[in-house]
Each structure stands twice: as structure tokens, then as C-alpha cells.
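Hi everyone, thanks for coming. Let's look at one protein together, starting with the whole and then moving to a few single residues.

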Amino acid sequence: MRRPSSRAASASKKASKKPPIGVFGLGKMGGQIARRLHASGFPVVAWNRSPGPVEEAAAAGLSAHADLAAAVQAVSAAAEASAAPRVFWVMLPQGVVDDFISGSSHIGSFLRPGDIVIDGGNSFYKDSMRRAAALAERGVRFFDCGTSGGVWGEREGFALMAGGPREAWPDVEPFMRALSSGDNYGLVGPAGAGHFTKMVHNGIEYGMMEAIGEGYAVLRASPFGLDLSAVTRIYQKGSVIRSWLIDLCKDIFDSEDVEGASAVIDATGEGSWTVEAGKELGVDVRVIEDSVKVRAESKDPKNAGKYSNRIVALLRKHFGGHAVHPKRD
């Protein structure tokens, strides 16, 4: 067999090299994304304002920075070495995204034509459409990426719903594929479509969780003294309602003091956005709307003993790592 020339071998090696990416924001989800991409062989530059997550990322072997300019320079050097576009994956709360990608004191001041910005947080889809248009005027490609998977995403893979320019999709698909659990990712439409799809996903989640919580409240109130862990074990396999949420209920009944948990349920906004979108589009979303109302009403002390709310609050803890409030007396 003819041995390939050193030049051909070098070209093949270069072609197989994975592109670099910068992950900006190392919170609960951002840190997982950075580590999973790093474990998949991508050169990852990680940035966070506070030092703790930077130190954790560095300990995991990532190029980690608390200085923004140094992080951008590291992304630039890695992109130049691999002849790839600079890609900035932003994982920040939706309230600060505008300032971060457009403000003069954040990466907005470093962006240049040909760059790609991915917002993987839970931004409102209309904001994503606006941001995409503003960055396009500067020659910067923008993707909004709905990211689902909670605290299990790093190990099990995320579900990724992206919106953005189709012509730039080949530059970001390798990252999406690596972050997913196989084929649960995709470019679902133009700018805004990714966050819209994730918004509706979360609205559905609100309704499903509320139905589960209410169902278990009825089971608990029955005269039969039901063992809810045992009932859930039966629900888990072969039943119509079998799901990851039901699996998490089994974990809750086996490991949590449900009676001692708080009945306050926090909300991050996506359920309300789904209700608003439904009304704008003339779609009846009464189940999701009622589940949003339940979360608001959970703050009222008169609902402090509501069992269904405790189940929903604990479900949020188990899939997303969300804090459960201290129980009121």
C-alpha cells in the first residue's frame, strides 16, 4: 500500500482538526456546555466575570479567563490557527445580553465582520430577531439557540433548537452535534426561531409539570394510603404517561422530604411568553396559562401547604438545579 506523503498527511490532519469556540458565561448551563465541548475535543476558550467558575474551568483543562480582552484574543488566536471563523457562544441571563453583545465595554466592541455569535440562553425570541438584524448590519452572523437539558445536559447531551442564517449553519453545526445526545438538534428556522421553539417547549413543560403535581396531590388525598413511590414505579414503564418527569418523581419520593418542602414555585418567564405568543397568534393556551397563574399564586402564604406545588418545585430542582425556597412556618 502506498504511504501518503507527509504533505498529504499534514493536510488530512488539518482537515480533521476541530474548530475552536469561545464560551462566555460559565454559570449552571454555560459551564456544562464548555466542559462538554472540551471533552469532545474542541479547543474551548472560557470566560466568566467572577473568578470561581474560571478556576473550575481551568482545573478541567480549559483555556479560562476572567479578563474579557484576553479571552477574545485567545479565541482570535485559536480561530486563526485553524482557519475558522471566530465563534462566541454566550450563556448569560437574558437581561444582560444586549449590553454584552452590543455594549462598548463587552464583546460588542471586539466583534468584526465574519464573526458568529450564538445566544444559548433563554432570551425572548423577538429580542433575538432584533439582535440578529443589528449584528447583520455589522457583518456578524447571529444564532439564537434554545438549550434544554438542565443539570443532566453535560452527561446526557442537550436538546438544541437553533435559529439563524442557513449559509452559516455548517460553521456551528459541529458544536451543536457534539453538545446533543445524537440527533436532537437542528436549525429550525431563521433568527428568533430557536428561542421561539424553546419558549414553547418551556410552556409545554409548565403544563405537564402542573398536571403531574395535581395528579399526585389527588393520589395523596385519596383514602387508600397509597405509596407514591410504588405507584410511580408502575407509571414509569409501559404507561401512557411514562416520561423523564415521571422518572424524576420516583427520585423525589425516594430521596426528598416532600412534606417538608416549600410550595413556592419560581418562574423564569418562558411560560408567560408562551401565553402571550398564543394570544397574539389566536391560539387557545388555557392549560399553560393556568399553570403560569399557579406559579404566581404559589407566592401567596395561603397556598403554603399546597402539595402539588411542592412536587413542581422539587421537579424544577431535580431537572434544572433550581433552588427550592425554605418552607414557610
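I'll begin with the overall picture and then go to two spots. This is a predicted model, where local features need pLDDT of at least 70, side-chain atom pairs count only at pLDDT 80 or more, and totals for chains, interfaces and linings use all residues. Residues are numbered from 1 along each chain as its sequence is written, and side-chain values use heavy atoms, leaving out hydrogens and water.

The protein has 14 helices and eight strands; these are DSSP runs, numbered from the N terminus, with at least four residues (H or I) for a helix and at least two (E) for a strand. Its C-alpha trace spans about 80 × 50 × 40 Å along the principal axes. Of its 329 residues, 48% count as buried, meaning under 20% relative accessible area, while exposed is over 50% and partly exposed lies in between (1.4 Å probe, protein chains only).

Now, the first spot. Where is alanine 83? You'll find alanine 83 in the loop between helix H4 (68–82) and strand E4 (87–90). Its phi is near 55°, a positive value in a residue other than glycine. Alanine 83 is exposed, with a relative accessible area of 66%.

With a relative accessible area of 42%, glutamate 297 is partly exposed.

That's my short tour, so please ask away!
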